[in-house]
Amino acid sequence: MTGGTGPSFAPRREGGFEREPARRVFAGELRESRIHFREGQDEKSPSFVLLPTGARCNRVFFVGTLTEKKKQGEQNLFYRARVVDPTGTFFVMAGSFQPDAMQQMARLDPPSFVAVVGKPSVYQTPDGAVLISVRCESITPVDRETRDLFILDCAAATLDRLEKAESTPDGARARREYAMDPAIFRKMAYEALAQLRL
Amino acid sequence: MDFSHAAERISQKVMSHGHAVEKTAIETKLRRLVEEFGVPLAEAERTVTNELAREFSIQGLQAGGPGEGKTLDALVPGEWVTVEGKVVALASAPSPSISQTGIVADQTAAARFVVWSRASAPLLKEGNWYRFESAVVDEYRGSVTLKIHSGTTITEIPAAGTIKPVLTPVAEIRPGIVSVRGKVIQEFEATHERILQSGILADETGSVRFVTWKEEGRERLNPGTVYTIFYAMADEFNGRLSLTLNTATVISEEGDIEVSRGDARFEGAFVHLAPGSGLIKRCPVEGCNRVLSRQNYCPVHEIQPGFQYDLRIKGWLDNGVETREVLIQRAATEPLVGMTLEQAREIAENTPLGMDEVFLRFRDALLGRYFACTGREIDGRLLVQQCTPIRFQPERLTDLLNRAGGSP
């Protein structure tokens, strides 16, 4: 728990450290990601998931409906949750390395709107299926308006990425690795937006 | 390769000191160094020049063409130069290998100087004029420095007029020595016990962080007062500019100046609430105001049970492409979290989790929500004056539907 004031005396930033932005992504797009890579040799260098729309993300931000949460494990307690947006489902985890997120999770009751900040990673299940899960840094209850704002924000970000991908190395890599039609994601954004009109 | 130019330069210099020297002999030496030993021509020129200087016992003879009589605004890193200037400030030497450091100025500019202990140079006096022959121009953290080594000759010279330092607008400060006129608009909590004061200085054009390290005779500046500051050291570290005032002459001014408005704006989702947010306790000692630890410990004034409560938000806004650290003081915090300082104090005193409970309520009110913040940006951190929640606008939905539905 981090109330109080102690750490404010510490130097506020490590040399050269920059916080990775939280990419806005729909569940329908994150689900299609397969490439997970690390930039640089250092153990501490950030790892990224390459999105099919051609941007790398170390951190993601999304808002959706918490539909299910489960506490699992005996010694290593962790929570598994499903958060649904208009395009699909995010698999969210909070383990003992994210004590704040675990406590936040404990206070939530599905169904409810939640905002999630977390780090995505790609897993292969024993039967060969690929699963993208998000290790959450925070999960907080929000209202419907915030959810609606997120849909706007995420649709705009998705369209921005599609436009930019034509001229960036990450965009070229995504086209090569995923070979997916950009129209799919444009349609995904459109359909998510269209739901708001109802 | 043509050695005649370099040979000509060298022989001219030696002759100007009244010694005869064979130009072809110089050329032969140069050729030998360059062609047989692979020495770069500039280095060969220096070697030969020094050799002749020793041979004829000439003081301060130096290689290179334009080295003579430089003004301080024309120093280029890597050069050997001769300059004349007034020592306008002396600072304590940061290391035993340095005997003196300070600032030398002439009519055109000012520069930092460093006298190596090994130079066994005479101690320079503040306010005196000197001629530095064969000093080396170096660059340290982006600012030009004059290095005085054992080959440098220092002569005291009569004062060459009075120097009027040129004032630099704050927005145009670059690493080096600068003189500025500005108003102290903010003080920071000291992050280190050696810091006497740190804060922000602003003029019409912009703002810059400043720091004064604890040292005999140094005084704190008063917030809200305008100062003219001569010969401060501007450093850049991790891309952030900072003025160190220890070498500076600081004169407080009457009156006020208009400072640049804080009009940086950032919109995004609140993705992280940092420790130190919520209800905090501040040191009550006059002029201190530092944040106390949970056990009421002030790094300077020790245990302070008579603390004052305050509210603030420290955290990160994120627009999906960039993140921005934001710092929100009490006035803007209260409406944002829907809690006054008094209410926060009651919560802290009447709930089992105490101050943590306030932090948790802040978190629920902020995290994952969208805000637009305006304020002053310093070093990539936004000091927020105003922060409002972003509202859903149906026009934006229509625009985006058109954009997504339009032909690719």
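Are H2(B) and H3(B) parallel or oblique to each other? In this predicted model, local features need pLDDT of at least 70 and side-chain atom pairs count only at pLDDT 80 or more, while totals for chains, interfaces and linings use all residues. Residues are numbered from 1 along each chain as its sequence is written, and chains are lettered from A and ligands numbered from 1 in the order in which they are written.

**View 1. Helices H2 and H3 of chain B.** Helix H2 (residues 23-36) and helix H3 (residues 41-55) of chain B pack at an angle of about 135°, with axes 9 Å apart (axes are lines fitted to C-alpha atoms over the stretch in contact, and angles run from 0 to 180 degrees between N-to-C directions). H2(B) and H3(B) are therefore oblique to each other (angles under 35 degrees count as roughly parallel, over 145 as roughly antiparallel, 65 to 115 as roughly perpendicular and the rest as oblique).

**View 2**

**View 3. The side of chain B that touches chain A.** The contact takes 39 residues from chain B and 44 residues from chain A. H7(B) gives the most to this side of chain B, with seven residues (helices, H or I, have at least four residues and strands, E, at least two, as DSSP runs numbered from the N terminus).

**View 4. Chain B as a whole.** Chain B has seven helices and 20 strands.

Terms used:
Contact = placed C-beta atoms within 7 Å.
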